[in-house]
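Here is a protein to read residue by residue.

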Amino acid sequence: MGTLNVNLLGTSFSFQAEEDSEYLEKMLSYYSRVVNSIEEAKILKTPLQVSILAGLMLCDEVKKAKDSSIKSEKKLVDYKRSVDNSAYEQESNEVEQRTLSMIEKISKVLDENQNLD
């Protein structure tokens with residue numbers, strides 16, 4: 001459990017969370033960089049507007065990362081299926097070849113036995 005002291009956009013407060021303090025500090029540092037980049041652009045006038053835009057920008061990053069992760073997982077699943085299908089087809093072809101070989105041998109033996117009669 002960690003504690004974080006926040007001093008941003010003209011306000012300060014502290015809170016505790018399940019994550020450790022080092023992790024919380026890293027998150028605050030990242031958020032602060034986003035806030036500072038918005039403030040430097042001087043496109044918004046109030047701290048509330050800056051914090052809302054920063055939150056939206058971070059949500060956008062998270063969504064894009066999740067979407068990318070989902071796409072990667074789907075590609076991996078599709079790849080595994082194609083590999084599995086290839087292996088299945090290869091095994092199936094091998095079984096078919098063995099079966100045909102056995103049928104050929106059985107036919108040959110039957111033909112030889114008929115010739116003996």
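**Exposure and salt bridges**

Asp67 has a relative accessibility of 35%, so Asp67 counts as partly exposed. The cut-offs are these: buried is under 20% relative accessible area, exposed is over 50%, and partly exposed is in between (1.4 Å probe, protein chains only). This is a predicted model: local features need pLDDT of at least 70, side-chain atom pairs count only at pLDDT 80 or more, and totals for chains, interfaces and linings use all residues. Residues are numbered from 1 along each chain as its sequence is written, and side-chain values use heavy atoms, with hydrogens and water left out.

Me: Which residue forms a salt bridge with Asp67?
Reply: A salt bridge is a side-chain nitrogen of Lys or Arg within 4 Å of a carboxyl oxygen of Asp or Glu. Here the closest N and O atoms are 3.0 Å apart. The partner of Asp67 is Lys63.

Me: Is Lys64 buried or exposed?
Reply: Lys64 meets Asp60 in a salt bridge, 3.2 Å from N to O. Both lie in helix α2, four residues apart. Asp60 has a relative accessible area of 36%, so Asp60 is partly exposed. Lys64 has 52%, so Lys64 is exposed.

Me: What is the N to O distance in the salt bridge of Arg98 and Glu94?
Reply: Arg98 and Glu94 are four residues apart in helix α2, so about one helical turn separates them. Arg98 is exposed because its relative accessibility is 55%. Glu94 is partly exposed at 40%. Their side chains meet with an N to O distance of 3.1 Å.

Me: How many salt bridges are there by this rule?
Reply: Among them are Lys63 with Asp67 and Arg98 with Glu94. The count comes to four.

Me: Which residues form a nonpolar patch on the surface?
Reply: Patch residues have over 30% relative accessible area and no salt bridge; like charges are joined within 9 Å, nonpolar side chains (Val, Leu, Ile, Met, Phe, Trp, Tyr) within 5 Å. Leu56 lies in helix α2, residues 47-116, and is exposed because its relative accessibility is 53%. Together the patch has about 310 Å² of accessible area (Shrake-Rupley method, 1.4 Å probe; for residues, only the protein chains shown count as cover). The patch is Leu48, Ile52 and Leu56.

Conventions. Helices (H or I, at least four residues) and strands (E, at least two) are DSSP runs, numbered from the N terminus.
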